[in-house]
Amino acid sequence: MSFSLIRNIFSQQLIFSSSFTKMVTTRFSASEREITSAVQSKESDEGSEKKVRVFVRKKRAVKTLQTQAKDVKTEMNNEMPCSLPEIEDFSYGRTSSVPSLTHAPTNWSDVLEGIRKMRSSEDAPVDSMGCEKAGSSLPPGERRFAVLVSSLLSSQTKDHVTHGAIQRLRQNELLSAEAMDKADEGAIKDIIYPVGFYTRKASNLKKVAKICISKYNGDIPSTLEELLLLPGIGPKMAHLIMNVGWNNVQGICVDTHVHRICNRLGWVSRPGTKQKTSTPEQTRVSLQLWLPKEEWVPINPLLVGFGQTICTPLRPRCDMCTISGLCPSAFREASPSSTPKKSRLSKLM
């Protein structure tokens with residue numbers, strides 16, 4: 001084989017090898033570009049989706065916050081203390097968008113006069129053993145403390161039990177802030193037993209005595225706000241203490257009897273509704289909207305005694321009540337029939 005032939009063959013192989021390499025490189029580069037382009041496209045799509053999702057979530061979050069803010073604002077407006085009940089049956093009128101009271105319940109004065117006549121004998125426990133009777137013979141400062149102690153003990157406790165505890169405290173010379181502060185808490189607990197929650201009340205009495213000594217020189221607070229800061233003292237007690245202790249009428253003292261009877265008579269309702277009030281405090285606010293202020297103090301012992309003797313919590317004595325014809329709840333909670341139920345045996349016979 002000649003030398004020139006060998007050189008031609010070698011040259012052709014080099015050309016083929018170079019073309020093949022170039023072709024492979026070109027194809028690889030194209031594939032790489034396609035892969036890179038696909039990756040970038042996917043990342044772009046994912047980025048777009050993320051952007052869209054973030055945008056949607058932000059929009060929804062803003063909308064949710066706006067809705068919540070609107071709901072809170074509406075709820076606050078509904079619970080504004082200046083709003084008055086909308087009770088058509090009680091002849092409430094309107095002068096603006098906010099309901100306003102124009103008239104008291106129909107026949108309320110006749111109902112109140114009828115209750116006064118039924119209570120004229122003053123034979124209810126509250127007439128002789130109520131909180132306002134505590135320490136009536138004591139000096140003013142000691143009497144105020146005695147009324148405070150009696151009010152604190154009266155929660156979830158019948159009048160005769162509270163009265164007995166006050167008598168025992170007086171016998172042990174503990175109806176003063178100084179004596180109460182020095183006394184042993186265990187001894188106080190034994191003395192006031194069996195008032196409801198006597199252990200907690202004994203602890204509260206010690207705390208109250210210490211506060212009265214440190215802040216009020218042994219006397220009691222003279223404002224409603226300060227009284228409500230004392231442990232164990234709620235709105236009903238605070239108003240009673242202000243009325244009796246300081247002769248300062250700032251509200252009606254509403255306990256469970258007043259709360260129950262006012263609802264039975266249809267004298268009160270929840271703000272903006274015709275529904276019964278659910279707490280004594282709601283009853284107090286509703287009652288004060290129309291009841292003349294000169295009745296704010298006597299209404300408590302009047303209705304409490306009425307609730308203890310006639311308009312009792314269970315099975316009220318509507319047949320004995322002279323105002324049953326004016327009461328919308330009369331005979332709705334009638335006593336069960338006196339006729340005994342037949343036994344199973346008699347039914348089978």
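## Cavity and pocket

A cavity is a set of grid points where a 1.4 Å probe fits but cannot get out, and in this predicted model the largest cavity has a volume of about 140 Å³. Of the 16 residues that line the largest cavity, R264, C311, P316, C318 and C327 are the closest to its centre. The count of cavities of 30 Å³ or more comes to one. Rolling a probe the size of a water molecule over the atoms shows where empty space is left. The lining of the largest cavity divides into eleven nonpolar residues, two polar ones and three charged ones, and the largest share of this lining, three residues, comes from helix α11.

The largest pocket, for its part, has a volume of about 790 Å³. It is lined by 32 residues, and those nearest its centre are S154, T157, D255, T256 and H257. Which helices each supply at least two residues of the lining of the largest pocket? They are α3 (125–129), α5 (159–171), α10 (235–245), α11, α12 and α13 (299–309). By kind, the lining of the largest pocket holds twelve nonpolar, 13 polar and seven charged residues.

## The chain as a whole

The chain has 349 residues, of which 37% count as buried, and its secondary structure comes to 14 helices and two strands. When contacts between residues at least 6 apart in sequence are considered, 58% of them join residues at least 24 apart. The chain exposes about 22000 Å², and carbon and sulfur atoms supply 55% of that area.

## Confidence in the model

The average pLDDT of the chain is 78, and 66% of the residues score at least 70. Over residues 34–39 the pLDDT stays under 50, and for these residues the model has zero contacts beyond four places in sequence. Residues 41–65 also have a pLDDT below 50, and this stretch has zero contacts in the model beyond near neighbours in sequence. Where pLDDT is low, the predicted coordinates should not be read in detail.

## Helix α13 and what covers it

Helix α13, which was named above among the helices that line the largest pocket, is mostly covered, since eight of its eleven residues are buried. Which residues of α13 are the buried ones? They are I299, N300, L302, L303, V304, G305, F306 and G307. The elements that cover these buried residues include α2 (108–118), α3 and α11. An α-helix has 3.6 residues a turn, so residues three or four places apart point the same way.

N243 lies in helix α10. Is this residue buried or exposed? N243 counts as buried because its relative accessibility is 11%, and buried means under 20%. Leaving aside residues up to four places away in sequence, N243 touches N248, V249, Q250, G251 and V297.

Q275 is placed in the loop between α11 (256–265) and α12 (280–288). With a relative accessible area of 45%, Q275 is partly exposed, because this value falls between the 20% under which a residue is buried and the 50% over which it is exposed. When residues up to four places away in sequence are not counted, Q275 touches S269 and R270. The C-alpha atoms of Q275 and N263 are separated by 9.3 Å, and these two residues are twelve residues apart along the chain.

## Backbone details in the loops

A cis peptide bond joins Y193 and P194, with omega at about 15 degrees. P194 lies in the loop between α7 (185–192) and α8 (198–216).

E122 is found in the loop between α2 and α3, and its phi is near 50 degrees, a positive value in a residue other than glycine. E122 is exposed because its relative accessible area is 56%, and exposed means over 50%. R315 has a positive phi of about 50 degrees although it is not a glycine, and R315 is located in the loop between α13 and α14 (344–348).

Notes: Residues are numbered from 1 along each chain as its sequence is written. This is a predicted model: local features need pLDDT of at least 70, side-chain atom pairs count only at pLDDT 80 or more; totals for chains, interfaces and linings use all residues. Side-chain values use heavy atoms; hydrogens and water are left out. Helices (H or I, at least four residues) and strands (E, at least two) are DSSP runs, numbered from the N terminus. Buried means under 20% relative accessible area, exposed over 50%, partly exposed in between (1.4 Å probe, protein chains only). Contact means heavy atoms within 4.5 Å. Accessible areas come from the Shrake-Rupley method with a 1.4 Å probe; for residues, only the protein chains shown count as cover. On a 1 Å grid over the protein atoms alone, a cavity is a set of points where a 1.4 Å probe fits but cannot get out, and a pocket is an open set with protein on both sides within 12 Å along at least five of seven lines; lining residues have an atom within 4 Å of a point. Grid points are joined across faces, edges and corners, and a volume is the space filled by probe spheres set on the points. Ala, Val, Leu, Ile, Met, Phe, Trp, Tyr, Cys and Pro count as nonpolar, Asp, Glu, Lys and Arg as charged, and the others, Gly among them, as polar. pLDDT is the predictor's confidence in each residue, from 0 to 100.
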